[in-house]
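Let's go through this one together, question by question. Have the sequence and the model open as you read.

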Amino acid sequence: MTRSRRWTAYIFVLQLMALPAFAQAPQPSGGTDRSVWFSYFGDQPVTKLWAVHLEGSYRRTLGLSQFEQLELRPGITLNESGTQQSLIAYTLFRAQPTANGSFGPPPIVGKQIENRIFEQQQITYRLFDKRDSDPELIQRFRLEQRWQDTAVDGKAYSDKIFSQRVRYRLTAKIPLGRSGLPGHYFVAYNEVYVNATLKATSLFNSDVTYGALGSRLGEHWAVEIGYQFRDSSAANGVTGPQDHSLQVYLLSTAPFRHVRH
């Protein structure tokens, strides 16, 4: 195993060791929410190097009774190599806080509109040989620029707030097969969000843990069903809102047209 792979494995183990601390955190003052996500994630190749990145996520409360969030995220992906990708994208984010205040503490009671731009680098490490049936570790670094509009106390929107955030995700993907192109896999990740704005009340923003089972639907399609837990911070050291969500993902690398390799 190369030095970079060893360091990636060490970081992943440290993140796993940190999870019990979050699990034992006190009851969040921001409330606990339960929801379900329906999402599409696609990198549609245009040439060998370039792809159109398309994402869409729709979220409701777990009983499907209340709308919570809509995210639309178009972008451009550069496939620098078989294991390294760069992405720049725009995000339109619209959220309606629930009764538990999962998207922010009072007095945030109205819908939130947010525009984002982010830059991302992703590196994939196959732990053994270079076969599709080998486990993978995937590092993802993301820098976000955020412009937020929030309705306060049912009044007009507050002034637009600009902030930056750094995100680091480490993913383990384990194919459930011995050779060829396995039809099923297990995937888990931990992602840490850090505020990168001088006026931020705290450095830590949130921590997200995800685990799912996935199935391939042919060469370019897959579906994942999993569970995600999100723990967020709040000002003055108060424990922030927590969210438990069922995740249903449709993933695609289907090209818009045939791409020659």
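A quick definition before we start: a salt bridge here is a side-chain nitrogen of Lys or Arg within 4 Å of a carboxyl oxygen of Asp or Glu. Keep in mind, too, that this is a predicted model.

Q: How far apart are the closest N and O atoms in the salt bridge between E144 and R165?
A: E144 lies in strand β6 and R165 in strand β7 (residues 161–175), so the pair ties together parts that are 21 residues apart in sequence. Both E144 and R165 are buried. Their closest N and O atoms are apart by 2.8 Å.

Q: Is R116 buried or exposed?
A: R116 forms a salt bridge with E144, with 3.7 Å between the closest N and O atoms. That pair links distant parts of the chain, with R116 in strand β5 (residues 108–126) and E144 in strand β6 (residues 136–152), 28 residues apart. The cut-off for buried is under 20% relative accessible area. R116 has 5% relative accessibility, so R116 counts as buried.

Q: What is the relative accessible area of E144?
A: E144 has salt bridges with R116 and with R165. E144 is buried, because its relative accessible area is 0%.

Q: Which strands hold R73 and E55?
A: The side chains of R73 and E55 meet in a salt bridge, at 2.8 Å from N to O. Both residues are buried. They sit 18 residues apart and link distant parts of the chain, with R73 in strand β3 and E55 in strand β2.

Q: In which sense do β2 and β3 pair?
A: β2 and β3 form a hairpin with five residues between them. Within this pairing, R59 stands opposite Q69 in β3. The two strands pair over 11 bridges, and the sense is antiparallel.

Q: Which residue of β4 does L72 stand opposite?
A: β3 and β4 pair in the antiparallel sense over nine bridges. They form a hairpin with four residues between them. In β4, the residue opposite L72 is L92.

Q: Why does L64 count as partly exposed?
A: L64 lies in the loop between β2 and β3, where its phi is positive, at about 65 degrees. Partly exposed is the range between the buried cut-off, under 20%, and the exposed one, over 50%. L64 falls in that range because its relative accessibility is 45%.

Q: How much accessible area does the nonpolar patch on the surface have?
A: The patch includes L64, L72 and L92, among other residues. β2 (50–61), β3 (67–79) and β4 (84–95) each supply at least two of its residues. Together, the patch residues have about 1,000 Å² of accessible area.

Q: Where in the protein is confidence lowest?
A: The protein averages a pLDDT of 81, and 70% of the residues score at least 70. Confidence is highest in strand β8 (residues 184–195), at 96. Over residues 9–30, pLDDT stays under 50. Confidence is lowest, at a mean of 47, in helix α1 (residues 3–23).

Note on methods: Residues numbered from 1 in each chain as written. Predicted model: local features only at pLDDT ≥ 70, side-chain atom pairs only at ≥ 80, totals over all residues. Heavy atoms only, no water. Patch = residues over 30% accessible without salt bridge, like charges linked within 9 Å, V, L, I, M, F, W, Y side chains within 5 Å. Areas by Shrake-Rupley, 256 points an atom, 1.4 Å probe, with all protein chains shown as cover. Buried < 20%, exposed > 50% of the residue type's maximum accessible area, 1.4 Å probe, protein only. Pairing = 2+ DSSP bridges. pLDDT = per-residue confidence, 0-100. Contact = heavy atoms within 4.5 Å.
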